[in-house]
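These are my notebook entries on a structure that is new to me. I set down what I looked up, one topic at a time.

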Amino acid sequence: MRNITLENITDAVTTSLGDDIPPRNREILVSALKHIHNFCKEVNLSYAEWLEAMEWLRRAGDISDDARNEFILISDIIGVEVLVDMLDQMPTHGETVTTVLGPFYRDNPPVLPKGASIVQKSFEGQETVRVRGRILDTDGVPVSGVIVDVWEDAPNGLYEQQDPDQPDYNLRGRFETDSDGQYEFVAIRPVPYPIPYDGAAGELLNYMGHHPWRPGHIHFLIQKPGYKTLVSQIYDGETEYLDNDSVFAVKEDLIGEMKPAGEGADTDLVMDFDFVIRSDAKLQIAAE
Ligand code: BEZ
Ligand code: FE
C-alpha cells in the first residue's frame, strides 16, 4: 500500500505478512496487530505516551539478565502469566489447580527424607509449621515415588537467593512420597513479601496505583514420569493480601489452614494439604 492512512494502516500491516509463514504465526500476529492498533486508536495515544512506553520497555530490558526477567514480572502484575497458565493448564479430571511458578525456583534443592526440616536458619518470632498430605491420582489412589520440590521466603520476606545472610538453599527441599503417597516436611509459616519493584515492573505498579505485595505462600513443584507436572502454591488462610495479590495468583482451592500443632508437638503449627495429579494415561483414555 502506497498511501497509508488511519483507515488502512491495520490492513496494510496484516496483509503484508509473508505467504509462507506458519498458520499459527499468522493467527497470533493478525490478532495482536488488530488489538494493538485498535488500542492506540481507542485511547488516542499521543506520540509522547508511545515514546514513554518504548523507554519503559528499554528499561525493562536493561534490568533483565539470566537471573531476572522483568518482562515476566510485568506480565505477572497485569495478570497475563496467570491467565495463560489457566488456559494452558486447565484441570481436566479434577486435578489440583495450578498457579504461577514465579522467579524464585531453583533446581536441585537439597534432597531430604520425609518429615525433615527445610529451615537452615532461625528468625526471631518465626512460627514453624509441619506441612503434610498425600499426592493422589484423579481416581483417589495415592501415588508413591512422586518428587515434591518446595520453596518459600524467610520471615524477613526474602528468598535465600535475594539475601546474602541466608544459607544457600535455605527454605528449599526435595521430598519423595512414600508407599502411601504421603509427603511431609517442616517449614516456617510463610509471610507476605513484595515482588521486586526496583525496576520497570515497579514503575508499572505505581502507574496502576498497586502495591507489590504477595500473600504468604509455599511453592510446590510436583513431578513423576507418566504424570502431568503440577506447579502450584499453598496459601496461608490467615495471611494478608489473599484478596489483592499483586500477581493475581490466588485460587480458593489453594488456601490451606495452619492449625496449632498441639501439646508435645515439635512445631508450632500443622497444615494438611492433599494434591491430585493426573496420569498421562488418563488423558490418552479421554482422547480415544
Ligand atoms: C512468587 O510467588 O514467588 C512470585 C510470583 C510471581 C511474581 C513474583 C514472585
Ligand atoms: Fe513466592
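Entry 1: Is R214 buried or exposed? I looked up its relative accessible area, which is 3%, so I list R214 as buried. I note here that the model is a predicted one. I then searched for a charged partner and found that R214 forms a salt bridge with D245, with 2.7 Å between the closest N and O atoms. D245 lies in the loop between β8 (230-236) and β9 (255-256), whereas R214 belongs to strand β6 (residues 213-214), so this pair ties together parts that are 31 residues apart in sequence. D245 has a relative accessibility of 5% and therefore also counts as buried, the cut-off being under 20%.

**Entry 2: further salt bridges.** I counted 22 salt bridges. One that I examined joins the side chains of R106 and D168, at 2.9 Å from N to O. R106 is in the loop between α5 and β1 (128-137) and D168 is in the loop between β2 (147-151) and β3 (172-176), so the pair connects parts 62 residues apart in sequence. I recorded R106 as partly exposed, because its relative accessibility is 23%. I also noted a network of salt bridges that links R106, E160, D168 and R172. Another pair I looked up is E70 with R68, whose side chains meet in a salt bridge of 2.8 Å, N to O. Both E70 and R68 are buried.

**Entry 3: two helices.** How do α4 and α6 run relative to each other? I found that the axes of helix α4 (residues 70-77) and helix α6 (residues 200-208) come within 8 Å and cross at roughly 20°. Angles under 35 degrees count as roughly parallel, and α4 and α6 are therefore roughly parallel to each other. The crossing in which α4 passes α6 is right-handed.

Entry 4: V84 is found in helix α5, and I listed V84 as partly exposed because its relative accessible area is 44%.

**Entry 5: the whole chain.** Lastly, I recorded overall values. The protein chain has 7 helices and 12 strands. Its C-alpha trace spans about 80 × 50 × 30 Å along the principal axes. Of the 288 residues in the protein chain, 40% are buried.

How values were computed. Residues numbered from 1 in each chain as written. Chains lettered and ligands numbered in written order. Predicted model: local features only at pLDDT ≥ 70, side-chain atom pairs only at ≥ 80, totals over all residues. Heavy atoms only, no water. Helix = DSSP H or I, 4+ residues; strand = E, 2+ residues; numbered from the N terminus. Buried < 20%, exposed > 50% of the residue type's maximum accessible area, 1.4 Å probe, protein only. Axes fitted to C-alpha atoms, helices over the stretch in contact; angles between N-to-C directions. Parallel < 35°, antiparallel > 145°, perpendicular 65-115°, else oblique. Left-handed = near helix turned anticlockwise from the far one by under 90°. Salt bridge = Lys/Arg side-chain N within 4 Å of Asp/Glu carboxyl O.
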